[in-house]
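Dear colleague,

Please find the structure below, handed over for your study. I would ask you to look through it before reading my notes.

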Amino acid sequence: MTTRTSTLLAPQGRWWGPLGKDERLWFALVVAWALAMYVMMQFVWPAVGEEQIVFDSYKVDPKVFQQLTDDYIAAHQTGTLLNIPIVDAPPGDVYLLGERFRFRPLLNLKQGQTYRFLISSVDVQHGFSVQPDNFNLQVVPGYVTAVTLTPKEAGTYQIVCNEYCGPGHHLMLGRIEVTP
Amino acid sequence: MSERGEVADERPDDPIPWQQALTDDVFLLMMAGLVVPTLFYIVWGLLELANVKIFTP
Amino acid sequence: MSANPIGWDWRTCKVTGLTVDRSAERLIVFNAVTAVLYLAFGGTLALLIALTRWPKMHLISNAEWFYRLVGAHGAAMLIFWILFFEVAGLLFGGSILLSRRLTAPKMGWLAYVMMLVGSLGVTYTMLSGQATVMFTAYPPLKASALFYGMMLLYAVGALVAVLHFLVNIVTARLQGQVRTLPLFTFALLVAAILALFTLVSGTLAILPAFLWRLGVIDHVDPAAYRLLFWGFGHGAQQVNLAAMIGIWYALASLTMGAKPINEGLSRFAFVLYVLFIQLGSMHHILVDPGLSSWARGLNASYFMYAAVMGSMIHAFTIPASMEVAARERGHTKGLFGWLKSAPWGQPAFAAMIISFVMFGVLGGISGVIMGGIQLNMIAHNTLIVPAHFHMTVVAGTTLAFMGMTYILVPLMVRRDLFLPGWARLQPYLYGLGMLLFGIGMGLAGHYGVPRRHWDITFPSMTQLSGGVYDGANIHWSLALMALGATIAVTAGAMYIVVAAGTVFIGRKNDVPNIGHVEASAVTPTDPNAPVHHPKGFEAPGTMMLATGFLVLFILLYGWSWFELSKVSWIIK
């Protein structure tokens, strides 16, 4: 058996030795717990959970994405609020653009319908934070996050920008209305 | 950890187990600490970013 | 100890018997004092920011200034205070603790000057409005070229300091002065190795941004920047982790006479950090576009769990070694008699144990949970994130550093600890403040409150905001956060009074009053003394406490998945 040395002194000679009873038990518990977390994340949740994070990513020229959003709004706009267009979104692709300092357009969705959100930014990075449910995605200019979303419950959801984007960051909002 | 279950007589001239020699090797640790994250984090990450497809509606 | 050295300026420490290189001592004092000045500056900003984030008070009425100060607070605390202090630690571990002189003191001064100028430059650009881009400076958000230049100068200075330490360690090994490093120095070596990768990644992130602002290149890929920046931004926190754990071990030896129950196991846990912990930085980009789920999941979670195992090993071996040491001294009553016998009135011990518990229970568990790829969705960029890292870097690292200085600063300047009564109270008050702060901020984040946000009441936008953050639960949480911050900043100020008072006006004393220090911590004992192994568990009390910790971990982990399942959207 090896000796024990203060942590401030250099151990002499041979110090590598077998684990004692305490360490063996704890080490086994720790390995088991790390494996359990692995199994939960890799197998259990993908099988049972409804909230996955397997979205697709694309590169895009921010100006092109802005044009696509403008076209999308022109095709489906039903009103305006605080100068932001409101859109009745048909199931399928939904364009959402972050720009300093708003999310455009405001969206009206139907409960239980499935939408493929295409989210990007025209200027700097933003945060796509859906409240009060509190799920969050990063919005990066030059990249599109393509995520499939299905609202299970009707109601009003705020989109709060939670990535600092400049002096008006605290004014940046969007909205999703889900009707039955 | 150690496969050596036997109890060694404690003398400074005992042969040093290879595990002990490895953790005492400053250069090896330095190399590992640079190479592993450079490959898995930086190189893999940048390669994936370089291969993101262009968006088409 | 070594024979009287010739040709360099040295003294013998009357308390520890170590041979102290005076040039190392001067460098350490300069780095440590600079660190504490940044702590004072960053702490002042912390109070202003916390009192602004409590909507009832909303102290700073100018949004632009609020964002400037959040950026400067992050840089001062996360980088400058911590790194200057760590450089002081590296100098200590690389020379004084090994009773050898610095191989190249000029390298140490070069590093210090570069870091000082760089840090002042960064602070200046942030306060003057040239760099209101937060500590992260994500492009295409723009700061002045000077900001990036100063960041680079600081990073290169830090790199020189780390290389200086490695030069010292390598020469000590090559000259045969040491074969196996003391565990504390080994922890610093691991910290230095982690710092190497960190600074390389940071330079790869910031150099292109610098060139972009100089007009040399016209574009920086924001996703690549995020990847590389976090290799630095979080990697730097892993440097803190390794240094802090080294300090926990050191203080356990100094205050309790602890000796690691298995030297190899403790070192193996550090090697897991060297191999795997930097990969965990990918948890910053779990909800970013760009990388495949494979790259994100494998790095941030699976590889990371290997490093988490390292942390959980330390979580056991540190208290177990204290328990064994106390039991050997005769404190064998029941499961926790050893704990009762601990020197709770010794500020270094109190700081260490509070840092250890708060880091592990609040910072560690929250970090592992948020690093899960799916769970990250309900945490990303909410106040849970700063709540997590205030538990690790402030309640954990900062408090551990404070504890170390309660012993090292009096020894170094050979003066009595100033206001020892304040020092005894300070760790408890600081811990209480950070506990309230962490719970308040964490709950607010759990309710969805964003980080880095000047005004969550959206007064001019009520038609859109719908009073999203008006709930009483949110306001109570943020009030608790503000209260905790006030207490913690007060205790931080007490620390600065004690530390500065000791350095400048403490009573001169070659054997300063640092409280009881176990002689066995610094005096070699008989290497042939056999280790006595009892039949049952050696550290049954620690086994009980550690199992309790694991149960709490499992409960919080399960609860987090339950919270994720309550999101009323199907997300694919």
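This is a predicted model: local features need pLDDT of at least 70, side-chain atom pairs count only at pLDDT 80 or more; totals for chains, interfaces and linings use all residues.

Residues are numbered from 1 along each chain as its sequence is written, chains are lettered from A and ligands numbered from 1 in the order in which they are written, and side-chain values use heavy atoms, leaving out hydrogens and water.

Chain A contains 2 helices and 12 strands (DSSP runs numbered from the N terminus: H or I of at least four residues for helices, E of at least two for strands). Its C-alpha atoms fill a box of roughly 80 × 40 × 30 Å along the principal axes. Of its 180 residues, 62% count as buried (buried is under 20% relative accessible area, exposed over 50%, partly exposed in between, with a 1.4 Å probe and protein chains only).

The whole structure holds 19 salt bridges over all chains (a side-chain nitrogen of Lys or Arg within 4 Å of a carboxyl oxygen of Asp or Glu). One of them joins Asp510(C) to Lys14(C), with the closest N and O atoms 3.1 Å apart. These two residues are 496 residues apart in the chain. Asp510(C) is partly exposed at 35% relative accessibility, whereas Lys14(C) is exposed at 60%.

In chain A, a network of salt bridges links Asp70(A), Glu99(A), Arg102(A) and Arg104(A).

Yours sincerely
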